[in-house]
Structure formats: structure tokens, C-alpha cells
Amino acid sequence: MRKFFVGLAGLQLLAVVAQFFLAASGAFATAPNEESFQPHRALGGGLLLIAVLVTVVAAIARMPGRVIGMSGLAAGLVVLQFLIKTIAGAIDGTAGDLFFGLHALNGLAIGATTGHMIRHARQVPEPATPARQAS
Ligand code: HEM
């Protein structure tokens, strides 16, 4: 179960890296933002599902509290990505654009939290399987 958790958390890290890639390719595309950022928006939703799943699996696998906490923190930071976009959209002019810069910084925080979580989780030994009774 712990190996499954580490694998799933690895997938989360991969999705974060892909988000950076898709943000850059969306920014440099000639199509309108609505279209060019569609893959980034879609993976953002997918990443939220993965992050929630990682948190649930961390709890089921009885990972240490620190790892469960980091998985929940990462999921919360993904939710924050949506909130930053909404709040920035509600602020007029340059202030709104500057506020949206937090979206990129928060993306870094999500990646760092996920990386730390994986490092800690890999140090946790699998629980020993009960030895078979000799007959
Ligand atoms: C883990 C990292 C990231 C996640 C989970 C994420 C998630 C999202 C989501 C869900 C949206 C759509 C929000 C909405 O329409 O309500 C969005 C929009 C956007 N993201 Fe990210 N993002 C991440 C990283 C980044 C980075 C690193 C950049 C750029 C440096 C970036 C640039 C943008 C831009 C420009 C939009 C607005 C696109 C538009 O609708 O015009 N994102 N992001």
C-alpha cells in the first residue's frame, strides 16, 4: 500500500511538471487564451482529483502524520490555484495581473510540497508481514 502511495504521489509530481509545460506552451500559442490554456485548465482539474486521492490513500496506508499533512496541504494548495484565478479576475487592472503572479509561485509551492512528501514517504518502511507459523 505504501509503494502504491509513493507511485501515486510520483504521478502527482509529474502532473505538476506537466502544468508548467502546458502553461508555457499556452502562453506562447497564437490561439486565443480560452483555447490555448484548455489543456492546462483540464489537467488542473485532474491534479485536484489526484491530490485528493493521494491524501485519502495516505490515510488508508497509515502513513506518518507528517506525510498525511503534506498530502492534504498539497491538495489545499491546488484548490488555492482556482481561488487565485477567481480573485485575480475580480481585481481590476495591473493589481489583478500582479495578484495572478501568485498562481505561478503557488505552483512552485505545490511542486516543492509534493517532492518533500515523496522523500519522507520513501523513508517509511513497509510494515512487516506476520511470519508464517511452522507446522
Ligand atoms: C501545479 C501547478 C498549477 C496548477 C494546478 C494550475 C491550475 C490552473 C487552473 C485550474 C486554471 C484554470 C482556473 C480557472 O479557469 O478557474 C489555471 C489557469 C491558468 N494558469 Fe495555472 N496552474 C498551475 C501552474 C501554473 C503556472 C506555473 C503558470 C505560469 C507560470 C500558470 C498559468 C496559468 C494561466 C495564465 C492561467 C489562466 C488561463 C486562462 O484562463 O486564460 N499556471 N491554472
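**View 1. The buried residues of H4 and what they pack against.** In this predicted model, the buried residues of H4 pack against H3 and H5. They are Val67, Ile68, Met70, Ser71, Ala74, Ala75 and Val78. "Buried" here means that 20 or more other C-beta atoms lie within 10 Å of a residue's own; 12 or fewer makes it exposed, anything in between partly exposed, and the C-beta atoms are placed from the backbone. Helices (H or I, at least four residues) and strands (E, at least two) are DSSP runs, numbered from the N terminus. Packing is a matter of contacts, meaning C-beta atoms, placed from the backbone, within 7 Å of each other. End to end, first C-alpha to last, the 26 residues of H4 reach 37 Å, close to the 38 Å expected at 1.5 Å a residue. That expected span is 1.5 Å times one less than the number of residues.

Residues are numbered from 1 along each chain as its sequence is written. Because the model is predicted, local features need pLDDT of at least 70 and side-chain atom pairs count only at pLDDT 80 or more, while totals for chains, interfaces and linings use all residues.

**View 2. H5 and its cover.** H5 runs to 30 residues and spans 45 Å from its first C-alpha to its last, close to the 44 Å expected at 1.5 Å a residue. Its buried residues are Ile110, Thr113, Thr114, Met117 and Ala121. H1 and H4 are among what covers them.

**View 3. The largest nonpolar core.** A nonpolar core is a set of buried Ala, Val, Leu, Ile, Met, Phe, Trp, Tyr and Cys residues joined through C-beta atoms within 7 Å. The largest one here has 21 residues, of which Phe5, Ala51, Ala58, Met63, Val67 and Ala74 touch the most other members. H1, H3, H4 and H5 each put in at least two residues. Zoom in on Phe5: leaving out residues up to four places away in sequence, Phe5 touches Val57, Ala58, Ala61, Met63 and Ala121.

**View 4. The shell around the ligand.** There are 18 residues around the ligand, with Ala23, Phe37, Gly44, Ala104 and Gly107 the closest. A residue makes the list if its C-beta atom, placed from the backbone, lies within 6 Å of the molecule. Helices H1 (2-28), H3 (38-60), H4 (65-90) and H5 (93-122) each supply at least two of the shell's residues. Sorted by class, the shell has nine nonpolar, seven polar and two charged residues. For that tally, Ala, Val, Leu, Ile, Met, Phe, Trp, Tyr, Cys and Pro count as nonpolar, Asp, Glu, Lys and Arg as charged, and the others, Gly among them, as polar.

**View 5. Arg62 in the loop between H3 and H4.** The backbone is worth a look here: phi of Arg62 is near 50°, a positive value in a residue other than glycine. Most residues other than glycine have a negative phi. Arg62 counts as partly exposed because it has 13 C-beta neighbours inside 10 Å.

**View 6. Ala42 on helix H3.** Ala42 has 11 C-beta neighbours inside 10 Å, so it counts as exposed. From Ala42 to Gly69 is 27 residues in sequence and 26 Å in space, C-alpha to C-alpha.

How values were computed:
Two residues are in contact if their C-beta atoms, placed from the backbone, lie within 7 Å.
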